[in-house]
Structure formats: structure tokens, C-alpha cells
Amino acid sequence: METARTLVLVAATVTCGLTAGLFYAYACSVMPALARVEDRTFIEVMQRVNVAILNGWFVLGFVGALLTTAAAVALHLPSDGHRALPATIAALVLYGAAIGVTRAVNIPLNDELEKAGAPQGIADPAAVRTRFEARWVRFNVLRALLCTAALGCLAWALVVDGPH
């Protein structure tokens, strides 16, 4: 049981780290770079990214972090796994909040951007961008912070779950 707990906790830490890193990379590089391009280019790139990101590798990290963290909580429920339980529960709550932000804010904004149509045919690309960019960026930073905090909790769980 101890080996299973450790392996699942490592998997949760890795997948959560991948997702935290993705959101962090957007916050520090992708979105600041896109802030410097003209409106139609911004819209086109974000529309393409929103399609390209829906792939197995992304799902492996994004959904995998949720599933493996939930499994880590379940495996740490027995009395001999309680030392890491508070940290794994905190990680699950934080990561769940990041998913909630994604579903409530970022995905609907992505959908709105897609509905705007091809960038060349948008009458007022500045207005489309204005409705999207600042809010998407703000909530992406929140997702990055939540995932990073969850990652920290999982790392701490590995420390306290270490050799007995």
C-alpha cells in the first residue's frame, strides 16, 4: 500500500507540475508576447492555440492531475497514510479551484473568441480583443497560482509521506 501511495503521489505531483508550468509559461511569456502584436494577429494566434491545445498530451496533464490527486487523497485515507492527507486534500481543493476557473472563465472566453469568426472578417477586432484579453490573462494568472500552490502541497505531501 505504501508503494502505491507513493507512486500515485508522484504521478499527481508530476501532472500538477505540468499544468502549473503550462499556465505559468502563458503568464510569463506567451501572453506578454501576444500583447505586442496587432489585434487580428492576436485573435488568430489565440484561436489556433485554443484548437491545438485540445490534444492527448494536454488532457494527460490537465485531467491526469485531478484524477491522480483524488486517488492520492483516497489512498492516504487509511490511518497509516494520514500524515500526507492534509496536504493532498489541500492540493485537490486548489487544483479543483483551478479547473473551476478554467470552466467558468477561460473556456467561455475561448468559445467567444472562436465565435467571432476568422480574424480577417471581424469588423472591429480591437473590440473582440478587448472583451477577451485582459480577463483571460487575469484568470490565467489565477490558474497558475492555484496550480502552483497545489503543486507545493503535493511536494510537501511527498516529504511527509517519505520513509517511515
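Val10, Val14 and Leu18 together make up a nonpolar surface patch with about 250 Å² of accessible area, where a patch joins residues with over 30% relative accessible area and no salt bridge, like charges within 9 Å and nonpolar side chains (Val, Leu, Ile, Met, Phe, Trp, Tyr) within 5 Å. The areas come from the Shrake-Rupley method with a 1.4 Å probe, and for residues only the protein chains shown count as cover. The model is a predicted one, in which local features need pLDDT of at least 70 and side-chain atom pairs count only at pLDDT 80 or more, while totals for chains, interfaces and linings use all residues. Residues are numbered from 1 along each chain as its sequence is written, and side-chain values use heavy atoms, with hydrogens and water left out.

Leucine 18 belongs to helix α1, which spans residues 2-34; helices (H or I, at least four residues) and strands (E, at least two) are DSSP runs numbered from the N terminus. With a relative accessibility of 54%, leucine 18 counts as exposed, given that buried means under 20% relative accessible area, exposed over 50%, and partly exposed in between (1.4 Å probe, protein chains only).

**Salt bridges**

Side chains of opposite charge can pair when their charged atoms come close. Under the rule that a side-chain nitrogen of Lys or Arg lies within 4 Å of a carboxyl oxygen of Asp or Glu, the count comes to 3 salt bridges.

| Pair | N to O distance |
|---|---|
| Aspartate 39 and arginine 129 | 3.1 Å |
| Arginine 48 and glutamate 44 | 2.7 Å |
| Glutamate 133 and arginine 129 | 2.7 Å |

In the salt bridge between aspartate 39 and arginine 129, the aspartate lies in helix α2 and the arginine in helix α5, so the pair ties together parts that are 90 residues apart in sequence. Aspartate 39 is partly exposed at 21% relative accessibility, whereas arginine 129 is buried at 6%. Glutamate 133 and arginine 129 are 4 residues apart in helix α5, which means that about one helical turn separates them, and both of these residues are buried. Through salt bridges that share partners, Asp39, Arg129 and Glu133 are joined into one network.

Arginine 48 and glutamate 44 are likewise 4 residues apart, in helix α2, and are separated by about one helical turn. Arginine 48 is exposed, its relative accessible area being 57%, while glutamate 44 is partly exposed at 26%.

**The largest pocket**

The largest pocket holds about 500 Å³ of space. On a 1 Å grid over the protein atoms alone, a pocket is an open set of points with protein on both sides within 12 Å along at least five of seven lines, in contrast to a cavity, where a 1.4 Å probe fits but cannot get out, and lining residues have an atom within 4 Å of a point. Its volume is the space filled by probe spheres set on the points, which are joined across faces, edges and corners.

The lining of the largest pocket consists of 25 residues, with Ile53, Leu54, Phe58, Ile107 and Asn110 nearest its centre. Two or more lining residues come from each of α1, α2 (39-52), α3 (56-75), α4 (85-115) and α5 (125-160), and α4 gives the largest share, 9 residues. By class, the lining has 15 nonpolar, 6 polar and 4 charged residues, where Ala, Val, Leu, Ile, Met, Phe, Trp, Tyr, Cys and Pro count as nonpolar, Asp, Glu, Lys and Arg as charged, and the others, Gly among them, as polar.

**Valine 141**

Valine 141 is placed in helix α5 and is partly exposed, with a relative accessible area of 34%. Although 113 residues apart in sequence, valine 141 and cysteine 28 are 9.2 Å apart in space, C-alpha to C-alpha.
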